[in-house]
Amino acid sequence: MPSFSPENISIQILNGARLWGVAGSWEEKFINAGFRNIEIGSAPGDEIYTGIEIRYRPSHYVAVPLIKDVLQFGGIAPDAIRETKGLEEGEYDFIIVVGR
């Protein structure tokens with residue numbers, strides 16, 4: 001079973017709000033919470049997202065509360081966070097799309 005401590009979880013944070021600096025601001029919050037393997041970028045397409053979407057590998061569902069804690073501590077209401085299980089195997093354990 002993989003380790004689910006923050007320093008062992010890989011995250012990609014995508015700016016879906018289309019506002020400058022959104023992903024970088026969240027990257028800083030996750031670093032302050034102990035996460036180390038983080039990449040940031042822009043969500044694909046032209047869609048403007050609302051709320052926060054957490055996409056994760058099914059094998060990492062037990063680590064979702066770690067992610068949600070950082071988001072909620074950063075001011076996101078629990079009802080603004082959507083979870084999507086089923087992220088394909090790839091480079092990241094979690095993809096977080098940050099909207100408005």
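Strand E1 (residues 10-15) pairs with strand E5 in the parallel sense, over five bridges. Strands (E, at least two residues) and helices (H or I, at least four) are DSSP runs, numbered from the N terminus, and two strands count as paired if DSSP finds at least two bridges between them. Within this pairing, Ile 13 stands opposite Ile 96 of E5. The structure is a predicted model, in which local features need pLDDT of at least 70 and side-chain atom pairs count only at pLDDT 80 or more, while totals for chains, interfaces and linings use all residues. Residues are numbered from 1 along each chain as its sequence is written, and side-chain values use heavy atoms, with hydrogens and water left out.

Strand E5 also pairs with E3 (residues 52-56), here in the antiparallel sense and again over five bridges. Ile 52 stands opposite Val 98 in E5.

How many of the five residues of E5 are buried? Five of the five are, so this strand (residues 94-98) is largely enclosed by the rest of the structure. Buried means under 20% relative accessible area, exposed over 50%, and partly exposed in between (1.4 Å probe, protein chains only). In a regular strand, side chains alternate between the two faces of the sheet. In E5 both faces are covered, with Phe 94, Ile 96 and Val 98 buried on one side and Ile 95 and Val 97 buried on the other.

His 60 counts as buried because its relative accessibility is 6%. Its side chain makes a polar contact with the side chain of Ser 59 (2.9 Å), and another of 3.3 Å joins the side chains of His 60 and Asp 93. A polar contact is a pair of N or O atoms within 3.5 Å; within protein, one must be able to donate a hydrogen and the other to accept it, and residues adjacent in sequence count only if both atoms are side-chain atoms.
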